[in-house]
Amino acid sequence: MSELYIFDDLSPDATGLNPLSPMADLRPSYAVRIGALSNLERIGLLREAGALTPISREELRGLEVEPFERRLTVRAADSDRVLAINGRCVLPPPEIDRLEPGQVLLERGSGSVVALAGLAGSGESVRAAIARIGHGLDDCPADLSGWETVELARPVLLGRPWHFRRFFREALETDLRLLAARTDLLALGAAPAGCCMFGTGALHVHPSVQILPGVIFDLGNGDIVIDAGAIVRPGAILIGPLYVGEKTTLADRCLIKGPAAFGSLCRIAGEVGGTIVQGRSNKAHDGHLGDSWLGEWVNLGAGAVNSNLLNTYGQVRTTNRPGMPAEDSGEQFLGAILGDHVKLAIGTRVMTGAVVNTGTMYAATAPLSGCLAPFRWITDAGSLPYRYDKFEEVARTVLARRGVELDGPYRRRLEVLHRQSAAIGGAS
């Protein structure tokens, strides 16, 4: 039976930010959703591991498994190796299978460890090697003494949050194929009553899904999977590839343009395309949202819209670290990166490539642009620290609406992030 480790090699700086902030502030890198599944779920299912062990970074201990994450079920497979794969690896490259025991696969350019292999039963030595990796990011090379290195020329790891665009469509299409094998999903050969379905793709729905009359399913560009307890309201237009998570509601007359993936307990309305929502977030009103990545507990007020293309049609430059120079994203189409607990007021205009870090509330009339620090309260009167007591009061109310209590490791992690944000003007 094979042994598989998924490890998180991110490391925050003194401000609490890491290279994938804000999306990995409150979860390990392997728990981010790039497609229908988290990286952990996808890697586990693709590798058919008999024993899978996630290894989180120290500051996230206790947050490894999210309450609404689908439970991972893997099949046993005989193997004489133990593998460790980076949690930032969205789609494991075939070069991993060619690794010999004692070899480590590096991503050229970043120098990050993609994977390493050992002999079966060498789990402890592999764990020790993972501990020595030293968070090989941003000119902090890994300690690989005793290992033979193999270099991978193409990028396969998430190095910045906007890199989701590199992997999203392929990851989503892979996930939809994996989900189609679930025995609790029904493959619909005809449209539900009062609805329209066309295209050569497949539509899989859980028996508990409510699909009301007037829904249009366009399967011409990809499959659609709708998970347990989801609701699709009248007049919705759904274009694959698309994943709709458990108990998520798609509102009346919404236009969802794949690739798109919404985690559990979301409310989605308006025009949304090319977008991932980690889960438990609201875009419950009209307005455009394109080529964006949202965390959990995000709320977009009525009429909030975003731009995903510059007027020059050029490459978008952005940063996820307040006050730092913008980087070339490599993307012509890039919307917004909105971290967990971000709130946007009604009518907010979000400019191309904007990044809003964890816990910030924006209610100014000027367009939102650039990179905003965490835990800020921004209005026309200026930008102020978001007092933790006030933030927690709101967060408790919001979580309670989804039946979640703000307590334990999650609350402590929020408090730590809030304190650290003072280093970049985010708290007092």
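**View 1. Six strands form an open sheet with mixed pairing, in the order β2-β1-β3-β5-β4-β6.** Strands here are DSSP runs (E, at least two residues), numbered from the N terminus, as are helices (H or I, at least four residues), and two strands pair if DSSP finds at least two bridges between them. The edge strands, each pairing on one side only, are β2 (51–55) and β6 (148–152). From one strand to the next the twist averages 20°, where axes are lines fitted to C-alpha atoms, for helices over the stretch in contact, and angles run from 0 to 180 degrees between N-to-C directions. This is a predicted model, in which local features need pLDDT of at least 70 and side-chain atom pairs count only at pLDDT 80 or more, while totals for chains, interfaces and linings use all residues. Residues are numbered from 1 along each chain as its sequence is written, and side-chain values use heavy atoms, with hydrogens and water left out.

**View 2. Strands β3 and β5 pair in the antiparallel sense.** Five bridges join β3 (residues 81–86) to β5 (residues 113–119), and Arg81 stands opposite Leu119 in β5.

**View 3. Val104 lies in strand β4 (residues 103–107).** Val104 has a relative accessible area of 0% and is therefore buried, a word that means under 20% relative accessible area, with exposed over 50% and partly exposed in between (1.4 Å probe, protein chains only). Beyond its neighbours within four places in sequence, Val104 is in contact (heavy atoms within 4.5 Å) with residues including Leu99, Val113, Leu144, Trp147 and Val150. Ala115 is another of these contacts; the C-alpha atoms of Val104 and Ala115 are 5.8 Å apart, although the two residues are 11 residues apart in sequence.

**View 4. Helix α4 (residues 388–400) has 13 residues.** At 1.5 Å a residue, α4 should span 18 Å, and its end C-alpha atoms are 18 Å apart, which agrees; the expected span is 1.5 Å times one less than the number of residues. The buried residues of α4 are Tyr388, Phe391, Glu392, Ala395, Val398 and Leu399. Seen down the axis of α4, these buried residues fall within an arc of 125°, so they line one face of the helix, the arc being that of the directions from the helix axis to the C-beta atoms. An α-helix has 3.6 residues a turn, so residues three or four places apart point the same way. Among what covers the buried residues of α4 are β30 (343–344) and α5 (408–420).
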